[in-house]
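The notes follow in the order I checked them.

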Amino acid sequence: MGIREDVNILGRTLGTVIKEQQGEEFYNLVEEMRALVRQARQSEPDHHEAQARLAERIRGLSEQQAEQLVRAFGWYFQLVNLAEEYERVRVLSGTQGVRPQSLEQALIDLKALGLSAEQTEALLARLDLGLTFTAHPTEMRRRTVRHHLVDIARDIPKLEPQLDEEATLRVAAHIEALWNTPELQRLRPTVLDEVKGGLSYLPVIAGALPALQRDLERAFEHVYGRPTAAQLPLSFSSWMGGDRDGNPYVTPEATRQTLALHRERAREQLLTQIRAAYSNLSQANIVEPSAETQGAETHGVETYSAETQSAQTYRQESYRQRLQALHDAVESGEKVDLLPTLEALDAELRAQGQHRSADQLLIPLLTVARTFGQHLVSLDIREHSQLTGAAVAALLAEGRVCPDYQALDEAQKLAILRAELQSRRPLWPANTPLSEDLERAVGPIREVQRAVAQVGSRAFGRYIISMSESVSDILEPLLLAREVGFRILPVPLFETLDDLEAAPAIMTELLALSEYRAWLQGDLQEIMLGYSDSNKDAGFLAANWALHEAQRRISAVCQQAGVHWRFFHGRGTSIGRGGGPASRGILGQPAGTIDAGLRITEQGEALADKYSHPRLAHRNLEQALYGLLLAAARPQAELSDKWVSAMTRASAASTSAYRALVENPQFLPFFEAITPIHEIARLNIASRPVRRPGAPTLSNLRAIPWVMSWTQNRTNLPGWYGLAEALEAIGPDLAHQMYREWTFFRSMLDNAQMSLAKSDPLIFADYLRLEEHKSELGEQIRAAYTRTVSLVEEVVGSELLSNEVRLKQSIALRNPYIDPIHRIQVELLFRSRAEAGGLDRYERPLLLSVQGIAAGVRNTG
């Protein structure tokens, strides 16, 4: 069997459920609609006639019919997505030899580059791939729905090679339950809801890590001919419960609850693993018994009783008693360093020749302890620079240092901040409660301070400063942390095009400050780069080039200053927000810019797509590690002046074309007319509003709903607009050379191919009908799309996605089934906008259509 058979079984089961639950008449309507959209897609003489019949049929749908049709096709895509995920697992299981982009392939490639075993171990020790879970609102499925889908996915393998009757019945039962389950979240999720949703994927990841660690050890021995003690360069962080930028619900109390949940989940995970290791490591050493080993059962772990073997000289202190001690400490909530004990047990097992026991019975516990410990994930705090600045101003005024700090220029601010950093005195009067605004700023720092005291330093990650535009923006949070006697490491987030261009100068000035270097204490400097706002500000190519150049120049600054550094990439799932395959993105980083590793955000539906199945989690992690190892090993090299000059021209041309579009006075009403942005704002999929505070403008619209809106009408504009002008500025011959020889350029154009291939001019034309007062912008975008596709295909030397056949086939197979949802969404938008209060009346079917299209195209924001 293959994916087609899986899809057929799941589709037939859904059809049966629809027929039973909704009746034969509605089932026939679904089949009729499917036939009509197929005919409308065909390029035969009756194409326009088929389009007219389809349009007429959709206009005649009742409100209930429209809603149920959207649900039917939406559920179909949820099931197709499961089948595609299992197909990936099936392909991985059938792979013979060395898997492409695996850890073994990485080591083979490193050896081919000339790295010795010792150099490769040093590289592994130097690097860290930090994956950071965020609560950005691109995952629209309720947790209840995900529960049913996970259970269906578990049974898909049992549908082959011959149908398992019990599995078939279970799948049908879950599909029946799904059909009768409300898809939409009734209430907007709380911050803690988001935290729980994100953390739900960690058990799957924890289950994948031991096999990945064994892969690393076996691959190293196979490639270099000797064993290694190298560990996976992986760590996990979270913003959920700590990301305060624009989210008034992330209060100090929400942060406290988040950290408590982290501890609780870490404790449960460790206890489960310790109990498993205790049960399995039953070996005994032949030594004299000691009085303290005479034990009984305690705390739920079956301890060894010496009385049962009093005539023998066996004791189990070497394994089980030490595991018992760890269990008791973790269960009681004691702060304990598990690694010395577990690493000693591992060494003892190996010294006794019990490598299988070490690999299979102890490594799962050791890997979980190393990666998740008692903290589970490191919580970052993120705050907007304006709010940290306002909080510092309040402190300085109260401390009678400066009555109006915010009125000062940058040089005056720095003079005050540098002087204050040389002092340890708090500015707020002792035993006096902080003002409400100041408590909101300082409170989260106090909460992570408490968590560090309870479970160790890894409970807290870094302090991210959004919209960092100056050195003072980076120093200000240090004064807030000093108020509670806690040391934080600040991470500037450079987001807009101007900020990215200014970043190297800001970092040069920051790292030259003796006060800041004293605070840094030799730790590595982290720098976060924003993909979303830079793209919304300047367009696809200009943002990519600005990010590339910022990394090159900031790396040089850090190297010159003698400071180790790590870039933190704020990527989304869509191409317009830095998405695309992780390994491709990492390999596309400028040579010589990966020093201490990378951090990457993992958000929205990406969590479910990557980490819902242990095999998929394993594959995604190994591919990301493959990219990191190879990218970090590449020697620093000077870029061709010809290429840099070409990209500078291309960036200017691209930015000019993009801004001419979005700065057109007609653009904002045009955008609001031809996308469901107002409907998206009503989705209860995140605790954070879709806009930053202020009157509605394009600039304060968050990047996720911006990208999501263009995905809904299948334009995918943030993932390609302005690229045609850029390629024309470069010229076809040079662009072809750059695509062939430059990893960054090839990665960028391959991502653009994905955006262009997932765009659909036929569907976009339907959305253009929504514009009441016709402008020229729609036709301008359609013409730009056609020109961009032609130029990209000329540069890459083939049709779009010729190098990604599986993805190309998936898009072609999906389009006929997404079409009905798009067409119905347009009709519902017409109806809702034609009557007063129409959005209230049609809200549910419209939101279901948004969800159905998201399932159909997968990467939404």
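Is the crossing of α1 and α4 left-handed or right-handed? I looked it up in the model, which is predicted, and found the crossing of α1 and α4 to be right-handed.

Next I took the geometry of this pair. The axes of helix α1, residues 3–22, and helix α4, residues 63–93, come within 9 Å and cross at roughly 155 degrees. Since angles over 145 degrees count as roughly antiparallel, I noted α1 as roughly antiparallel to α4.

I then listed the residues in contact. On the α1 side I have Ile-3, Asp-6, Val-7, Leu-10, Leu-14, Ile-18 and Gln-22. The residues they meet in α4 include Trp-75, Tyr-76, Leu-79, Val-80, Glu-84, Glu-87 and Arg-90. Sorted by class, the contact of α1 with α4 holds 12 nonpolar, 2 polar and 4 charged residues.

I moved on to strand β1, residues 129–134. Here 6 of the 6 residues are buried, so I put β1 down as largely enclosed by the rest of the structure.

Last, I looked up which strands pair with β1. Strand β2, residues 234–238, pairs with β1 in the parallel sense over 5 bridges. Within that pairing, Phe-133 has Ser-238 of β2 as its bridge partner. Strand β10, residues 598–603, also runs parallel to β1 and is joined to it by 6 bridges. There I found Thr-132 opposite Thr-601 of β10.

Note on methods. Residues numbered from 1 in each chain as written. Predicted model: local features only at pLDDT ≥ 70, side-chain atom pairs only at ≥ 80, totals over all residues. Heavy atoms only, no water. Axes fitted to C-alpha atoms, helices over the stretch in contact; angles between N-to-C directions. Helix = DSSP H or I, 4+ residues; strand = E, 2+ residues; numbered from the N terminus. Parallel < 35°, antiparallel > 145°, perpendicular 65-115°, else oblique. Left-handed = near helix turned anticlockwise from the far one by under 90°. Contact = heavy atoms within 4.5 Å. Nonpolar A, V, L, I, M, F, W, Y, C, P; charged D, E, K, R; others polar. Buried < 20%, exposed > 50% of the residue type's maximum accessible area, 1.4 Å probe, protein only. Pairing = 2+ DSSP bridges.
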